[in-house]
Structure formats: structure tokens, C-alpha cells
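Student: I have a model open and would like to learn how to read its features. Can we go through them one at a time?

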Amino acid sequence: MNHLTAKQKVTIMIAIMTAMFFSAINQTIIGVAMPRIISRLGGMDYYTWVITIYLLTMAVATILVGKLSDIYGRKPFLLAGIGIFMVGAFLSGFSSTIFQLIIFRGITGIGGGVIMSTAFTAVGDLYLPRERAKWTGAMSGIFGVSSVLGPLMGGYIVDHLDWHWVFWIFLPLGVVAFVLIAKLFPKVPRREGESIDYFGSLFLTVTIVSLLLAFSLAGEGVGKYAWSSWQIIGLFALTIIALIAFIITESKVKTPVLPLSLFKNDIVTMSNIAGFLLGAGMMGIMIYTPFFIQGVKGISPSGSGYIMMPMSITMVFATTFAGGFMTKTGKYKGLAIIGLAIGAIGIFLMSFITINTPVALLITYLCIVGIGLGLSMPVFSLTVQNAVSLRQLGVASASSQLFRSLGNTVGIGIFGAIMSSVMTKKMTSEFSGQGDGALSTLPPEEADKIGQLMNPEILLDVPRLEKLKASLPADIQPIAEQLVGTVKGIFSEAITTTFFVAACIMVAGVIVAVFLRAIPLVSANDSLPAKQQTEK
């Protein structure tokens, strides 16, 4: 796209960023709203699947579309991604059970994967790496902006409107994004001499799906299987078999869906590992902080959005700074190390919060996390793009998105298993024996209400919780308050344990970033003939 003028490129970038914002805001608006949605639909044991299925289908779509967009161009896939995303979001709003929501979020994830993969790759088509850095920072900043607006709007909607509008309110923006891409994005001819790697795509899909299913289904609780069960061992075995078949296939086909030669490049490999760890570590904070704020602190979804907002704002500023810094200096390694380290410190501090932690201190910790994530998030996709040829740009960018998505999903699986394990053990220890005897002496109706208070889901709907407590006889209300306090304590300990593990994962990311080889980011000046560079 070198024939395009600077103005045309900026106009196309506006269209791309509109599509990205549509996808991002539909993700962030759900985070704060999900605790309330779960309290209405039920199925807290399946909560992580609402997120996991999105990330799983997103990961598969990301890597498959990466190679296809190298062959057929980015435009048709951007349009298809927006269309699929809109269908999934529309159907999600009609969900009447947790299982319907999971299915429809899976459809949405396909669209999200297509949008993210092609959007970041399209920037590589338009700009060389050093000029690309500021746009990569701006695009990462879109996630920050959506992280500010999303929680606020999600909290307001579930507090004042029907929760279904969480999925529907931004659908008109999807129409706008579709029209802009259709009108402004140039169409490119099909690349000749390239074929589709069907078998490689199949084996890669099986590898990804079986791996993510294993991490998502392992653990304790409803719908879970022990790590040593035949189901989980079988999924890991299938992962290994499919991976071997994939490697054999990719070493023989003419145009592999994910060229193994990519991973001979140490920058690509180390960047993708760091992106994987960043994706895994950040999910602990993104998913479970709203649960802590609403379930443990007892703050409304709207209030939860306000508490999360400063973290998002600091993330926007940090991301913008990171993009400008890389554009100006052409360097990135120090930024990656510092960002991951700050993020690890912030998440580690979050592991010490309790029900008595002041909101101001909680916000401070979240801002530290926001700075760390903002500095590190734009780095690793840019380093991958900078280390490969233009011909491999799409598949290399897709690999970066894939590893981050895999990190997200594996992280959710790990954190979900940890949280479920801690809660199961603590609840069993706290309420077995004497609790059963005391409960059996109460009238059936009151015993049922007390039993509801022992379900952590009730903590996520404060109005319902207060109404339930008020309906109990006065002499039982002190017992109910004590019971709720105990459940909150268990819920708090389970959540902060996930924060501690997330901090450890971020520390591993810092170690990987230390070994990331640094090469200068290519600029437009570098592409000029030597004589012209001298004249400049």
C-alpha cells in the first residue's frame, strides 16, 4: 500500500480503529456486568466458560485468518469479522440460560479473532515498524479507552436497565465500522502461487482446542474433572498427537498456515512467550477484580466501574507513552522489562487486599497494574512484525495474537481451578459438621434462605442479598450477617490467591523479556537509498 498518501493512510487507520473499538468495547462492557448476569442466569460454576469460549474461538480464528489474509488481503476478513461479531453480540443479548450465553459468546469470539488479527496486520501493511509503533500504541490505547467506558456503561446498564442491553447498545457502532471499512479500505489482488493449508489448519485447530479444553475443564466443582482423570489426560494426549501431526504437515507443505521457520527467529519466539505470559497474568486482574469489588466489598456494578476506571486511564496514558517512545527511539526491550515488572508489583500488591482494604488503596494498586500493562502491551506484537519479512507479516502478527489469546485462556483455566479449589476446601472446612446441625433445627423456609446465603453467587447481587437478609426473623439476622461475613472472607481469599499466582506469572514474563534480543525498529528513513538518507 505504498502508493497511498499520508492522508489516505490516516483515513484508513480511522476505519480500522473504529472496528477495533467496536470489538474492544463489547468485551470490556461485559466484565463489570458479568457478576450480575451470572446472579440472574445462574451457573457460577460455568462463569469462566463465558470468557473461555470467547478466547478459544478467538484464538483459532486469529491464526487461521492470519495466513488467509496474506493470500486474499485484509478487507474481506475485516468485513466478515465485524459481521460475525455483530451476530454473536445480538444473539448473546437473547440468552436465557448460561449455556446459551456460552454458545453465543463463542460465535462472537470468532468475529473478534478475525477483527484483531487483520486489524493489527493491516497497520503493518500501511507503515514500517518505527512509524508503526505510534499507531500500535494508539490501537492498544483503544483497549484502554474501552476499558474506561466499558465498565462505566456496563455497571450503569445492569443497575438501571435490563442486562441484555450490555450486548446490544454498541451494535450501531458495528454498522458504522462495517461501512467505513467497506468504503475506505483498499482491495488488493489475490497473491498468486499460494494455496490453503487445510490439513495444517485442521491439526493446529485440534491442538489449540484440546489444549484449552484441558486447562478449562481441569479442577474441582461442577463440570470439572480432576487433573489425573482420563478426560484431562486424554485431552493432553490429543494435544500432543495433533501437535506432532501439525509439525510434520508444516514441514512438508508448500505454504504452511503457520510456518515453523518463524520460530527459528529468536525474537519471534521470545516475544510470543512473553506475550503468552502477559496474556495469562493480566487475566487474573481483569476477571476477578470486579468479583472482589462487588462480591466482597458489596459495591454496585456502577461503583465497580468507577473503581476500575483509574486503572484504565493510566493504561491509556502508559500505552500512548510507550508508542511515542518506541517511535522516537526505535527501542523496546527496556520498556518491556519495566512494564512487566511494574505490572507484577501491582498484581502482587493486589494479593494482599481484604474486605477492610480502603477503596483508595485498592485504586492505587490498580493504577500501578494499569501502568505496567500499558507499557508492555504494545511491545510484543511490534517486535514480531519488526523481525519478519513483509511477506510473512500476516501470519507473524497472527502468531502474536494467538499466543496472547492462548495465555488469556490458559490463565483463566489456571485461575478458575485455583479459585474453585480454594473455595471448595474452605467452604467444606467452615460449614461441615456443626453448620449442618444448626441448619437442621431451623424451619424449612428459613433454612432454605440461610442455605442461599451460603452460596457465593448471592454476594454478586447486593439488592437481592439485602432483601433476603431483611426477610429473616430478627433473632436470626445476626447469624445471617455472620454467615455472609464468613462467605465473603472465603470468597476474598480465593480471589487474592489467584492474584498471587498471576503476579508469579508476570515475574516469569519479566525473566523472558530480559532475554529478548533487541534490534532497531525499521523506519521509513531506513528504507531510503543511502544517498537520500545522507541528504536528509
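Tutor: Ile169 lies in the loop between α6 (165-168) and α7 (171-184); helices here are DSSP runs of H or I with at least four residues, strands are runs of E with at least two, and both are numbered from the N terminus. This is a predicted model, where local features need pLDDT of at least 70 and side-chain atom pairs count only at pLDDT 80 or more, while totals for chains, interfaces and linings use all residues. Residues are numbered from 1 along each chain as its sequence is written, and side-chain values use heavy atoms, with hydrogens and water left out.

Student: Why does Ile169 count as partly exposed?

Tutor: Buried means under 20% relative accessible area, exposed means over 50%, and partly exposed is in between (1.4 Å probe, protein chains only). Ile169 is partly exposed because its relative accessibility is 32%.

Student: Which residues form a nonpolar patch on the surface?

Tutor: A patch takes residues with over 30% relative accessible area and no salt bridge, joining nonpolar side chains (Val, Leu, Ile, Met, Phe, Trp, Tyr) within 5 Å and like charges within 9 Å. A salt bridge is a side-chain nitrogen of Lys or Arg within 4 Å of a carboxyl oxygen of Asp or Glu. Here the patch consists of Tyr156, Leu161, Trp165 and Ile169, with about 410 Å² of accessible area together; such areas come from the Shrake-Rupley method with a 1.4 Å probe, and for residues only the protein chains shown count as cover.

Student: Is Ser271 buried or exposed?

Tutor: Ser271, in helix α10 (residues 266-296), is buried because its relative accessible area is 1%.

Student: What does the side chain of Ser271 join in a polar contact?

Tutor: A polar contact is a pair of N or O atoms within 3.5 Å; within protein, one must be able to donate a hydrogen and the other to accept it, and residues adjacent in sequence count only if both atoms are side-chain atoms. The side chains of Ser271 and Thr383 are joined at 2.7 Å. A polar atom of the Ser271 side chain also lies 2.7 Å from the backbone oxygen of Ile267.

Student: Which residues have the most contacts inside the largest nonpolar core?

Tutor: A nonpolar core is a set of buried Ala, Val, Leu, Ile, Met, Phe, Trp, Tyr and Cys residues joined through side-chain atoms within 4.5 Å. The largest one has 142 residues, and Ile16, Met139, Ile208 and Ile495 have the most contacts inside it. Helix α1 (residues 6-41) gives the largest share, 18 residues.
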